[in-house]
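Thanks for coming, everyone. I'll take a few minutes on one structure. Please look at it with me.

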Amino acid sequence: MIKNVEIENFRCFGKSKFSGFSRINLIGGKNNAGKTAFLEALYLNNDPQELSVMHIRGIDEARIKSLAAKAWNNLFLDKDKKAMIAMQFVNEEHKTSLLEISMPQSKRDVIQIIQKLELSKHFFKKGSDISLLQFNYKVDNEFRETLSLIAHSDGLTIYEPDTPSNFTLANIYFCPSYERESSKHLAEQYDIAYINHHSDKLLKAFQIIEPSIEDVRTLNIGEPSIYLQRKNEDSMPLSLFGDSLNRVADLILKLVNNQNGILLIDEIENGFHHSKQRELWRLLFDLTAEFNVQIFATTHSLEMLQAFTAVSLEENDAIESCAYFKLARHIKTGEILGIKHDVETLDYGLKHNKGVRGA
């Protein structure tokens, strides 16, 4: 479980420190306060190979091909490629992991590195654009792993060292605010939950949104899909239901299938009517405790913040396992701060209009 985070020169972060994270962490703040960028930092630390941090912003490999020379610019604060991105994470066992990201300053430097790595000569096509991003991982100040991502006009190449690494990262999964998993992927994840006797958790989540749903199963009629059956109705594929049911399927399946992991949820309110938000939080509190999953979720919804606070106050155990962080800029330095509120302080701020939501 992540307890403390430091981020330097990444996206909108100059040098920011965040401490005191709990099992469930809700993050608020104004637009462009750095909420999504904070989740990206957590995700990038875990899985740069899949370019996850780029996909979150809707940047796919086709765009990388067309903008290879500038593929990584927006990862750096003010697009300053001379600066090194540094992210440090401390878990509850006081183990420290450090990710350092750098970008060579010229095409010549890139070519020299590629030659040193003995990679393919097709990178050197006349006039072709190319850029390289290098990752170095350390744990407790001991170097553990390196990785290179090379963007070029033919796409993306990932270079990993041949020497196996014993550097193990946590299972971190992202639920973007707008992008949805395919029907096939959700069906596969449901089958995993079913085999592990956790499929009832998804049915319970569906019934929060639509109480008339009686049965959930996967069928291979065409593309594999999750099918839902309402009382006295035929089964229909999940894709024909509303956005909230598709989103809750993604969220709950990523939670129950990744015990001891971390779940990142951007704009958690998306797709959920305010009347259902308290029940959703109750389920999340129960499941994160059962599966030992840590949640980082962002929001700019007053109703979602109120629902989170109300459920947190229902039981003392919940109070100890959650926290709210408001992201805001320092009035003098402009650096992003993470202002932590315990649940009682958050409740007081909401009732007395103290601006805790960042508005």
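First, a term: helices (H or I, at least four residues) and strands (E, at least two) are DSSP runs, numbered from the N terminus. This is a predicted model, where local features need pLDDT of at least 70, side-chain atom pairs count only at pLDDT 80 or more, and totals for chains, interfaces and linings use all residues. Residues are numbered from 1 along each chain as its sequence is written, and side-chain values use heavy atoms, with hydrogens and water left out.

Now the loops. Asparagine 141 sits in the loop between β6 (130-139) and β7 (142-152). Its phi is positive, about 65°, although it is not a glycine. Most residues other than glycine have a negative phi. Asparagine 141 is exposed, with a relative accessible area of 78%. Exposed means over 50%, buried under 20%, partly exposed in between (1.4 Å probe, protein chains only). Asparagine 260 also has a positive phi of about 65°. That one is in the loop between α7 and β13 (262-265).

Next, the whole protein. It has eleven helices and 16 strands. Of its 359 residues, 48% count as buried.

Then the cores. A nonpolar core is a set of buried Ala, Val, Leu, Ile, Met, Phe, Trp, Tyr and Cys residues joined through side-chain atoms within 4.5 Å. The largest has 52 residues, and Phe206, Ile252 and Trp281 have the most contacts inside it. Helix α7 (residues 243-256) gives this core its largest share, eight residues. Another core, of 43 residues, lies apart from it; Leu39 and Phe174 are among them.
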